[in-house]
Amino acid sequence: IPSVSSIVPESCLLIVVGLLVGGLIKGVGEKPPILKSEIFFLFLLPPIILDAGYFLPLRQFTENLGTILIFAVVGTLWNAFFLGGLMYAVCQIGGTGLNHIGLLANLLFGSIISAVDPVAVLAVFEEIHINELLHILVFGESLLNDAVTVVLYHLFEEFANFEQVTIIDIILGFLSFFVVSLGGVFVGVIYGVIAAFTSRFTSHIRVIEPLFVFLYSYMAYLSAELFHLSGIMALIASGVVMRPYVEANISHKSHTTIKYFLKMWSSVSETLIFIFLGVSTVAGHHYWNWTFVISTLLFCLIARVLGVLGLTWFINKFRIVKLTPKDQFIIAYGGLRGAIAFSLCYLLDYEHFNMRDMFLTAIITVIFFTVFVQGMTIRPLVDLLAVKKKQESKRSINEEIHTQFLDHLLTGIEDICGHYGHHHWKDKLNRFNKKYVKKCLIAGERSKEPQLIAFYHKMEMKQAIEMVESGGIAKIPSAVSTVSMQNIQPKILPVERALPALSKDKEEEIRKILRNNLQKTRQRLRSYNRHTLVADPYEEAWNQMLLRRQKVRQMEQKMNNYLTVPAHKVDSPTMSRARIGSDPLAYEPKADSENLPIITIDPASPQSPESVDLANEELKGSGHVSSSPEEEEEEGLVMRPKEPSSPGTDDVFTPGASDSPSNQRMLRCLSDPGPRPEPEEGEPFIPKGQ
Amino acid sequence: TGKAQSSGRCLGLLRALLSSPVTSDQIEHLHRRFKQLSNDKPTLRKEHFDSVPDLEFNPIRCKIVQAFFDRRNLRQEEDGLADEINFEDFLTIMSYFRPIEPDMDEEQLQRFRTNKLKFLFHMYDSDHDGIITLEEYRKVVEELLSGNPHLEKGAARSIADGAMLEAASICVGQMEPNQVYEGITFDDFLKIWRGIDIETKMHVRFLNMEPIAHCC
C-alpha cells in the first residue's frame, strides 16, 4: 500500500490541514485568521525566494536564460491578456449578472492569476526529481515573471481609477516594465556587492557572518519593494551576486549555518503559507459564481497550453537542445498557481473593486485545482511519460577539468573564427571578474585561487570530513576502489626490496604510535564563549590535520601490505639527484603542525633513489599540496629519508630530535596529545602567520 | 575564379565528410576568415595564429593551435604534425564543432559524439601514442592553471594525480596493488564522458546560423 506522502504532495496535505484548522476555529465560534498580505509579502515570501536565489544553479540558469525570459515575460503577458480578454467577453454575455465588471478589472484579474507561482512550483517539483533542464525552466520562469506581474498589477490597478486610458499611458506602462525589472536587478546587485565587500572583513567575527547574508538580502528586497520595483528579482540578484564572493570569504561553519538557516526558514514559510491558504479559504468571504469560476479555470488551462506550445515553437528555432513535446507538456502542466496570486488579490481595494470576493473565490478555486489535481497527478504522469529524471551524479574532478578545458577550447575556436559568441563574452566576463572584482571582494589569498583549485579543495575537505564522521581509521569502506597512487605510476625499474624488513615488533610499534596519535579527533566539549569560538586558523589546521590523517592512514595501509617499495618514475635528473642528496625531502602541509613523532624511514642503501619516494608518492597520493625539497618548513608528520649512519642500519625510529621546535606544537583540536617525546617548548599551539 | 572553384570543391568535400547540407554562406564566411588569418596566402602556418587577438589570454592556446595541425584530426594517413594547412583542412577541423542536426538518427548521433570525443582525446594525448598518461594529464592541468603564476608548485600535480586515480577507479574499478594502470585509453575516455552530452556542449554557433559578427 503506497503511503499517503507518495501520492499526495506535501502542499496538498498542508492545505487540507489548513482547512481542518480553519473549520475547527470556525466551529468553535472564533473568527479564523486570514493570510494578511503584509505578513505574506514581508515575512513569508522572502525566505523562500532567498533560498531559491542563493542556491540557484547558475550554470544551467544562464545557459537557458533566453528561454526562461521568453516564457516568463511573453508567456505571462500572453496569459494575462488572453485570460483577461476572454473573461471580459464572458462577462458581457447576458444573463450571468457579470456585466458590471469592466475590461480593466478583468485584465487586472488576468494579470493576478496568470503568474506561475514559485512557492507552489518548488513544493511540487522538489518531490518529483525531474531532470535539471525542465526544473530550471519552470522554476526560473516562476521567479522571473514577478516583474511582469508587479508591473501589470500596478498598471491595471491605477488605470482602473482613470477615466480614460491613453496611448501614452500604455507606452509608459510598457517602459515601466523595464524600469521595474532592471531596477530590481540593479538594487539586488548593489546590495550583493556590499554584502560581498562586508564579508571580506569578517575574519575576526565569524559568528555574525551569516547575519550579513540574510540582512543585506532582506534589505535589497525591502528597498526594491519600497519603490515598487520587483522585490523578487532584487532578492535573487543579490543572492546570485554575493554568493561566490561570500563563500570564498566566510568560514565553513558560517556556510553551513547559512545553508541550514535558509532551508529552515524557507520550509517554515512554505508550510505556513499553505496552511494559511487553507484557513483563509474557510474564513474568507466567498462569492461563488459558477460561470465566472468555471470559465476562469478553463481559460487558465487553455491559455497556459497554447502559450507554451506557441512559445516553444518559436524558441526551438534558436535552441540547440530542442524542447520535445514531452518537455512542453511538463512545462505546461507545471504552471501552478499559488499564494502570491491569492495575496495580490487580497490587497485589492474594496471600494474600487467590489467584486473582490468573486475574484478571490475564483483564484482559490484555480489554486486548489492546480495544486491538488496537477500536483498530485504530475508524478504518475512523469513516470508514465518516462520523462528524464535528475541524475544523481557527484561532481568529479575529472568532469571539472574537462568542463574547463572545453570552455577554453570553445572560446579559442570562437576567437579563431572571429565569432564573438557566447563563450567569448563569458570568458571576457570571467577575466574581468578575476582581474578586478575578485581582488576587491575576496579577502587575502583566496582572491587569487583559480576555480579548479578551489573546487579541488572543497572536494578534499568534504572527503576529509566524511572520513572523520565515519569514525576515523577503524573503518575502511568496502566500496572504495583499491586503486591507489602506485597503480597509476608506471613501473620502469624492476621492483626491488629496498626497505629493510622491519621486525614484527617494530611494525607493531609503528602501528601503535600512529593509531594512538591519530585517534585523538574527538573535540573536547567546551563551553563556547562567543569571543573564543574557533576561528579560521584553527579550522585551517583542523582541515590540514584531517588531510594528513588520511594520508598517514593510507601510508599505514601500504606499509602493512606492501613493504616492497614499488619503483616510481624518475622525474628528472635534477629531482632524483635532489632526493639522493642530503636535503630532507619533507612532505609539508600548508600550515600548522601536530604533535606527532617524526618517523623517518631510511633506505637500506643510498644507491637506490627510487625507494625513497615511497613516502612522497603515497603522501601526495591524496592530492595534498606538496612543496619542493628546498623549502625549510618542517612540521607534522614528516617522512624523511636519512643518510644511514652506517650501512645496514634498520632502526630509524628516532623521534625527530633534529627537527625544529615547530614540530612540537600541539593542535588545539586534539584533546590528548598521546605518547610523544617531551615538547621542547611548552607553548600552546600558535597558528602560523595569519 | 579560384575562390569559387575552391568553394565548390569544399562544399562537395564537406558534404561528403559531414553528410549533411552546409550552406555556402558559412563556407564563404570561413574562407574570408581564413584569408584574414593567413594574410591572403593559400596555407596557414602556426605563426599565423598569433595574430588572433584574444587567443593570448587562453591558457590552452598551444594545444588549440596544435590541434589544427594534428594529422590525426586532419584524417590524414601519416602521424605527427603538419607544417601548414590549407582551407580544406581548416574546414575539416571546424567540422568537429558542428551542432547536432535535429534529424539525426541514433547511429549518426553516436558517430558524431565519437568524432568530437576523438578530437578532444587527441588534444590531451600529445605524444600520439593513443593513451593519456599521467604525465600528459599533469601537463594539461598545469596548462589550465597556467594563468595563475603564483600557484604552489605541487597543486597541479596533485589535482592531476587525483583525477587519474578517479579515472582509474571508474574505468578499471578494483585493482591489485601491483597492477599498473597505464593511462586513459580512448575507450576509458568514452566511459568518463558517458554522463556528459558532449554533442550538445561542443559546438560553435556560427555553423548554425548567419554569421553575426566579423572580427577585424
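## Basis and overall figures

Accessible areas here come from the Shrake-Rupley method with a 1.4 Å probe, and for residues only the protein chains shown count as cover. On that basis chain A has an accessible surface of about 31,600 Å², with 64% of this belonging to carbon and sulfur atoms. The model is predicted: local features need pLDDT of at least 70, side-chain atom pairs count only at pLDDT 80 or more, and totals for chains, interfaces and linings use all residues. Residues are numbered from 1 along each chain as its sequence is written, chains are lettered from A and ligands numbered from 1 in the order in which they are written, and side-chain values use heavy atoms, with hydrogens and water left out.

Chain A contains 24 helices and 0 strands; these are DSSP runs numbered from the N terminus (helices H or I, at least four residues; strands E, at least two). Of its 690 residues, 53% are buried, where buried means under 20% relative accessible area, exposed over 50%, and partly exposed in between (1.4 Å probe, protein chains only). Contact means heavy atoms within 4.5 Å. Among contacts in chain A between residues at least 6 apart in sequence, 85% join residues at least 24 apart.

## Nonpolar cores

A nonpolar core is a set of buried Ala, Val, Leu, Ile, Met, Phe, Trp, Tyr and Cys residues joined through side-chain atoms within 4.5 Å. The largest has 119 residues, and those touching the most other members are A:Phe40, A:Leu45, A:Ile101, A:Ile112, A:Phe125, A:Phe292 and A:Phe359. Helix α8 (residues 132-159) of chain A supplies the largest share of this core, 14 residues. Another core, of 70 residues, lies apart from it and includes A:Leu406, A:Ile453, B:Leu55 and B:Trp193.

Helix α8 of chain A also holds A:Thr149, which is buried at 6% relative accessibility. Leaving out residues up to four places away in sequence, A:Thr149 touches A:Ser111, A:Ala115 and A:Leu344.

## Nonpolar surface patch

Patches are made of residues with over 30% relative accessible area and no salt bridge; like charges are joined within 9 Å, and nonpolar side chains (Val, Leu, Ile, Met, Phe, Trp, Tyr) within 5 Å. One nonpolar patch covers about 1,100 Å², and its residues include A:Phe162, A:Ile168, A:Phe174 and A:Leu182. A:Ile168 lies in helix α9 (residues 167-199) of chain A and is exposed, at 57% relative accessibility.

## Salt bridges

A salt bridge is a side-chain nitrogen of Lys or Arg within 4 Å of a carboxyl oxygen of Asp or Glu. Over all chains there are 12. A:Lys263 and A:Asp51 form one of them, at 3.5 Å from N to O. A:Lys263 is in helix α12 (residues 252-283) and A:Asp51 in helix α3 (residues 37-54) of chain A, so the pair ties together parts 212 residues apart in sequence. A:Lys263 is partly exposed at 39%, while A:Asp51 is buried at 11%.

A:Arg379 and A:Glu127 form a salt bridge at 3.2 Å, N to O. Helix α16 (residues 356-384) of chain A holds A:Arg379 and helix α7 (residues 118-128) holds A:Glu127, 252 residues apart. In chain B, the side chains of B:Asp161 and B:Arg138 meet at 2.9 Å, N to O. B:Asp161 is buried at 1% relative accessibility, and B:Arg138 is buried at 4%. Salt bridges with shared partners join A:Arg59, A:Glu63 and A:Asp407 into one network.
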